[in-house]
Amino acid sequence: MSANGQTRALLADQVDTDRLVKTFLELVAVDSPTGHEEEIGKELIKRFTDLGCSVSQDEIGNVFAVYSGTRPDTVLLSTHMDTAGKDVGIKPIIEDGIIKTDGSTILGADDKSGIAGCLELLTLLRSNQDVKHPAIEFVISVGEESGLVGSRQMDLSRLNASYGFVMDTAGVIGAVTYWAPTSVYLTIELHGKKVHAGVEPEKGINAVKVAAEAIAVMPLGRIDEETVANIGTIAGGEARNIVPGEVVLEGMARSHDQEKLDAQLAAMRSAVSEAAERHGATFDFDTEEIYRTYKIDESERPYREAARAIETLGIEVFPRKSGGGTDGNFFNAKGIPCVALATGMVDEHAATEHIAIEDMVMACKILVTIVTQEPE
Ligand SMILES: [Zn+2]
């Protein structure tokens with residue numbers, strides 16, 4: 001390894017476990033269930049400003065922090081400040097090197113482990129000003145857990161980054177998520193005809209029956225290697241003695257292959273349309289694309305740079321295809337190629353969520369190495 005190489009490896013070696021854990025625990029202590037990010041937003045503005053970034057916030061609460069580079073180029077580092085669900089008052093416990101909760105709430109390692117890593121990176125860059133690195137645009141979004149709400153509404157013209165990394169996935173350390181699916185939300189309204197079920201049922205059109213027949217033949221669950229689909233909620237009807245006139249179904253479909261997804265949506269739609277037609281009912285079939293698939297080839301820059309850093313630290317690179325999206329789907333769709341990296345989080349969104357301190361430290365070392373390694 002060159003003299004420069006040794007310097008770079010040393011910067012990653014300066015990741016301070018106690019400081020990183022302390023930062024993480026402080027972030028976890030600030031309640032931030034998705035949709036309620038005001039307090040954590042203020043905390044992050046303060047921290048990134050104190051660490052030398054120029055910080056701004058958009059109307060919906062996304063925080064942008066820019067740290068000047070000491071060499072040309074700009075890299076995007078993406079995290080999100082909201083946590084899944086409604087849990088507040090999270091009380092972390094450390095046991096045998098693992099940070100977890102008492103089991104009554106999530107931990108919020110998704111994605112505060114990612115943010116803590118970014119803050120540690122900044123701390124190291126500040127105290128090692130001779131280390132060369134590109135300008136860094138930290139984007140910390142709101143509403144990620146409610147369908148990438150923050151990134152979808154973000155004005156990307158304010159960013160200069162030519163590529164980026166999303167610090168926001170589970171999976172083993174060394175995992176590089178290069179392929180994520182498209183996700184579509186479905187809302188299906190069935191309109192039958194409401195009548196008195198005891199007096200004149202023959203004049204009605206039972207929307208529950210239409211829904212049942214549609215769902216019974218609809219392809220659902222795992223469709224193929226790339227595609228899944230679900231009907232998750234069903235609501236309708238008014239009383240036991242009324243033929244139900246309205247039913248609403250909510251569901252979703254995802255695929256890593258856009259054509260397969262389109263075929264799946266068409267199959268779901270025709271199941272509805274055939275059932276409706278048999279009974280003389282009508283329907284609305286609404287789809288909303290929440291995020292779009294991306295696939296980053298291993299020859300592309302974010303993949304190459306992540307892989308190089310991971311290997312420098314003596315870890316194996318695991319190419320990972322994810323079942324869900326991140327803000328990275330949005331950045332990729334808008335022309336900033338990104339891969340997503342593991343932060344060490346395990347069982348995210350569950351009361352068993354936890355993170356090994358060792359993994360959080362290694363994820364941070366990978367981040368530091370990516371940013372400070374010599375350009376190709
Ligand atoms: Zn997340």
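Me: Which residue is the bridge partner of Ile99 in strand 20?
Reply: In this predicted model, where local features need pLDDT of at least 70, side-chain atom pairs count only at pLDDT 80 or more, and totals for chains, interfaces and linings use all residues, that partner is Ile355. Residues are numbered from 1 along each chain as its sequence is written.

Me: How do strand 5 and strand 20 pair?
Reply: Strands of a sheet pair through backbone hydrogen bonds, either parallel or antiparallel. Here strand 5 (residues 98-100) and strand 20 (residues 354-356) pair in the antiparallel sense over 2 bridges, where strands are DSSP runs of E with at least two residues, numbered from the N terminus, and pairing requires at least two bridges found by DSSP.

Me: Which strands stand at the edges of the sheet?
Reply: The open sheet has 4 strands in the order 4-5-20-19, with antiparallel pairing. Strand 4 (93-95) and strand 19 (345-346) are at the edges, each with a single partner strand, so one side of each has no neighbour in the sheet.

Me: How are helix 6 and helix 7 placed?
Reply: Two packed helices are described by the angle between their axes and the distance between the axes. For helix 6 (residues 207-217) and helix 7 (residues 258-279), the axes come within 8 Å and cross at roughly 145 degrees; helices are DSSP runs of H or I with at least four residues, and axes are lines fitted to C-alpha atoms over the stretch in contact (C-beta atoms, placed from the backbone, within 7 Å), with angles from 0 to 180 degrees between N-to-C directions. Among the residues that meet are Val210 and Ala214 in helix 6, with Ala271 and Ala275 among those in helix 7.

Definitions and conventions:
Two residues are in contact if their C-beta atoms, placed from the backbone, lie within 7 Å.
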